[in-house]
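I opened the model and kept notes as I went. The entries are in the order of looking.

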Amino acid sequence: MVRIVREKEENFSISKVELFQIRLPLKSPFKTSYGVLTEKAFDIICLTSESGHIGYGELVAFETPDYIEETLPNSRLIIKDHLLPLILNRKIENPTQIWEWFQVVRGNYMAKSAIETAVWDLYAKITGQSLGVILESATDQLEVGVSMGMVASTEELLKRVSDYVEEGYTRVKLKIKPGYDIIPLSAIRKKFPNLMLMADANSAYDLSHLTDLKALDSLNLVMIEQPFAADDFLDHAILQKELNTPLCLDENIRTVNDCRVAVALGSCRSINLKIPRVGGITEALKIIDYCRDKQILVWLGGMFESGVGRALNLQLASRTEFGLPGDISASDRYFYEDILEKPLLMEAGKMKVPQGLGIGVTVNGAFLQKNNLSYTWLKR
Ligand SMILES: O=C(O)CCC(=O)C1=CC=C[C@@H](O)[C@@H]1C(=O)O
Ligand SMILES: [Mg+2]
């Protein structure tokens with residue numbers, strides 16, 4: 001866990017909260033085993049302190065409960081009725097308190113994360129630091145990976161993989177499901193024998209597909225992510241014993257306790273850590289510590305974030321524990337425009353970790369104002 005060292009007591013409180021509802025169309029549809037995403041809807045939460053600093057958080061939950069059960073409309077409600085009342089009119093000493101205060105609300109990790117991460121950003125800005133410094137970032141630039149939806153034609157799939165490799169992505173993750181696995185993955189492997197290649201099933205398989213999954217062992221995949229149900233640990237453990245390829249859990253992991261169960265049962269050898277899926281940075285840091293101690297490979301996943309969430313991901317992913325390039329592609333991989341003054345782009349095969357105060361990026365205020373303000377609160 002990071003040590004929060006303060007030069008002087010910096011208690012602060014929130015004087016204004018705004019929630020902007022934004023939609024960004026995707027450049028191309030993203031097909032997974034559970035559906036097709038054509039645009040990303042998300043909210044940006046702006047917390048203003050009495051000192052006038054603004055902390056930004058991103059609410060990344062999807063509109064439909066198909067990846068996990070949390071949805072954007074439900075999360076908005078939880079934020080407004082249950083989470084914000086726990087932090088407003090209170091003195092905040094450090095952002096880890098938010099995690100403690102939120103424990104009275106069960107689950108709802110993405111809603112919690114939207115606020116908790118905004119408080120981390122705010123705290124870093126008030127104390128005059130880059131969030132990366134507080135989070136013990138170890139580098140100012142990172143290799144990153146790219147996540148790819150299913151593409152019907154193998155020719156088109158190989159063309160897209162080639163383009164990503166040429167742009168500098170060093171790891172490629174392909175979405176799979178029964179009937180769309182060995183053929184596209186083998187085609188990629190044949191053309192790119194040394195590429196860090198992996199597959200993500202988003203819970204599309206069960207033990208009846210054991211033979212199909214064992215066939216993937218021949219492809220030298222870095223890992224297979226979430227083949228079985230989002231609440232299953234036992235069958236994952238059975239499968240892991242049958243495979244040489246490491247399994248990775250995504251949807252299952254909401255807390256460090258979930259990691260303990262996975263490790264105790266042998267359900268996986270890797271964890272895809274998404275800050276919003278675990279309720280924010282405080283729990284993410286506990287998971288990183290746990291994975292380091294247990295020698296579980298941890299790497300940073302994404303949720304099609306806009307520049308706010310992407311900048312945060314870069315800050316955390318620059319810690320030494322992250323063993324693989326994360327799903328932190330450049331803003332222009334998914335979107336025509338970002339909500340930042342300067343989008344986060346790939347340069348010479350790497351992405352820079354923003355070095356400014358807090359998450360290190362400047363949000364385009366005019367862009368936010370063009371969007372629907374769903375909630376606003378002002379301290380009287
Ligand atoms: O943000 C990114 O680039 C990663 C996108 C991605 O692969 C996913 C995001 C959210 C849900 C899933 O579709 C998938 C995943 O399971 O990791
Ligand atoms: Mg996944």
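**Entry 1: ground rules.** I am working with a predicted model, in which local features need pLDDT of at least 70 and side-chain atom pairs count only at pLDDT 80 or more, while totals for chains, interfaces and linings use all residues. Residues are numbered from 1 along each chain as its sequence is written, chains are lettered from A and ligands numbered from 1 in the order in which they are written, and side-chain values use heavy atoms, with hydrogens and water left out.

**Entry 2: confidence.** I checked pLDDT, the predictor's confidence in each residue, from 0 to 100. Its mean over the protein is 96, and 98% of the residues reach 70 or more. For the complex, the predictor gives an ipTM of 0.99 and a pTM of 0.96.

**Entry 3: the sheet.** I took helices (H or I, at least four residues) and strands (E, at least two) as DSSP runs, numbered from the N terminus. Two strands pair if DSSP finds at least two bridges between them. I traced an open sheet of 7 strands, with parallel pairing and the order E5-E6-E7-E8-E9-E10-E11. E5 (145-148) and E11 (297-300) stand at the edges with a single partner strand each, so one side of each is left without a neighbour in the sheet.

E10 (residues 270-273) pairs with E11 in the parallel sense over 4 bridges. Ile271 stands opposite Val298 in E11. Asn272 has Trp299 in E11 as its bridge partner. From E10 the chain crosses through helix H10 (residues 281-294) to E11, and this β-α-β crossover is right-handed (with the strands pointing away from the viewer, the path from the first strand over the helix to the second runs clockwise).

**Entry 4: helix H6.** Which residues of H6 are buried? I used under 20% relative accessible area for buried, over 50% for exposed and partly exposed in between, with a 1.4 Å probe and protein chains only. Pro184, Leu185, Ala187, Ile188 and Arg189 are buried in H6. The buried residues of H6 pack against H5, E6 and E7.

Entry 5: Asp200 lies in strand E7 and Glu225 in strand E8 (residues 224-225), so the pair ties together parts that are 25 residues apart in sequence. Asp200 is buried, at 1% relative accessible area. Glu225 is buried too, at 0%.

**Entry 6: Thr170.** I found Thr170 in the loop between H5 and E6. Thr170 is partly exposed, with a relative accessible area of 23%. With contact meaning heavy atoms within 4.5 Å, and leaving aside neighbours within four places in sequence, Thr170 touches Glu143, Val144, Leu195, Met196 and Pro325.

**Entry 7: positive phi.** Most residues other than glycine have a negative phi. Asn202 has a positive phi of about 45 degrees although it is not a glycine. Asn202 sits in the loop between E7 and helix H7 (210-215), and is buried at 8% relative accessible area. Ala348, also not a glycine, has a positive phi near 50 degrees. Ala348 lies in the loop between E12 (346-347) and E13 (350-352), and counts as exposed at 85% relative accessibility.
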